[in-house]
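Thanks for asking me to look this over.

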Amino acid sequence: AFTEEVEQHFRGVRVLPCSDPVGGPRGDECLGYLAHLVSRYSSLATFTIFMQADPDQHLHFSYLGLVTKMIERGTYTVPYMSLNGARHVRTLTPCLNAVHEAIFGEAMRDAVGPYCCAQFIVQNTRVQ
């Protein structure tokens with residue numbers, strides 16, 4: 001039901017299941033997002049909206065609707081924006097560390113204070 005509701009607002013919706021790998025890091029949204037970016041790096045959409053399994057628990061769909069209307073009209077130009085309001089306290093999680101290691105080839109040295117439950121919009125030029 002949720003996927004059908006979301007699909008009506010987007011040109012393409014890709015659901016990427018992320019099971020926990022055996023002996024590896026947790027398979028949560030961070031690894032799913034990275035897998036999408038890596039597999040489509042040379043052909044990313046101008047803007048990609050990343051949402052997790054229960055986005056309604058972390059964002060207001062009316063806000064997302066406003067942003068997508070701006071994208072449709074060509075008035076949205078922000079290269080990165082979180083869609084959630086809540087933030088984690090400064091922390092170092094296995095999820096964040098796994099993504100950091102995959103990108104930079106080394107473990108994180110310092111804790112970070114990211115937005116809760118990573119849901120965001122990113123422009124292709126910000127990633128590439």
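1. Start with Thr48, which stands opposite Val122 in strand 3. That pair is a handy way into the contact between strand 1 and strand 3 (residues 120–123), which run antiparallel to one another and are joined by four bridges. Please keep in mind throughout that this is a predicted model.

2. Three strands make up an open sheet in the order 1-3-2, with antiparallel pairing. Strand 1 (47–50) and strand 2 (80–82) are the edge strands; each has a single partner strand, so one side of each has no neighbour in the sheet. On average, neighbouring strands of this sheet are turned by 10° against each other, direction ignored.

3. Back in strand 1, have a look at Phe50. Is Phe50 buried or exposed? Phe50 has a relative accessible area of 5%, and because the cut-off for buried is under 20%, it counts as buried. Leaving aside residues up to four places away in sequence, Phe50 touches Tyr33, His36, Leu37, Ala118, Gln119, Phe120 and Val122. Gly32 lies 18 residues from Phe50 in sequence, and their C-alpha atoms are 9.4 Å apart.

4. Next, helix 4 (residues 94–104), where Cys95, Asn97, Ala98 and Val99 are buried. Helix 2 (29–39) is among the elements that cover the buried residues of helix 4. Just after helix 4 comes Gly105, with a positive phi of about 75°.

5. How many salt bridges are counted here? The count comes to one, and it joins Glu106 to Arg109, with the closest N and O atoms 2.5 Å apart. Glu106 has 35% relative accessibility and counts as partly exposed, whereas Arg109, at 69%, counts as exposed.

6. Asn124 sits in helix 5 (residues 124–127) and is buried, with a relative accessible area of 16%. Its contacts, not counting residues up to four places away in sequence, are Leu44, Ala45 and Thr46.

7. Finally, the overall picture. The protein has five helices and three strands, and from the N terminus on these elements run α-α-β-α-β-α-β-α. Of its 128 residues, 30% count as buried. Among contacts with a separation of 6 or more, 64% are between residues 24 or more positions apart. The protein exposes about 8600 Å², and carbon and sulfur atoms supply 53% of that area.

Conventions. Residues are numbered from 1 along each chain as its sequence is written. This is a predicted model: local features need pLDDT of at least 70, side-chain atom pairs count only at pLDDT 80 or more; totals for chains, interfaces and linings use all residues. Side-chain values use heavy atoms; hydrogens and water are left out. A salt bridge is a side-chain nitrogen of Lys or Arg within 4 Å of a carboxyl oxygen of Asp or Glu. Buried means under 20% relative accessible area, exposed over 50%, partly exposed in between (1.4 Å probe, protein chains only). Two strands pair if DSSP finds at least two bridges between them. Helices (H or I, at least four residues) and strands (E, at least two) are DSSP runs, numbered from the N terminus. Axes are lines fitted to C-alpha atoms, for helices over the stretch in contact, and angles run from 0 to 180 degrees between N-to-C directions. Contact means heavy atoms within 4.5 Å. Accessible areas come from the Shrake-Rupley method with a 1.4 Å probe; for residues, only the protein chains shown count as cover.
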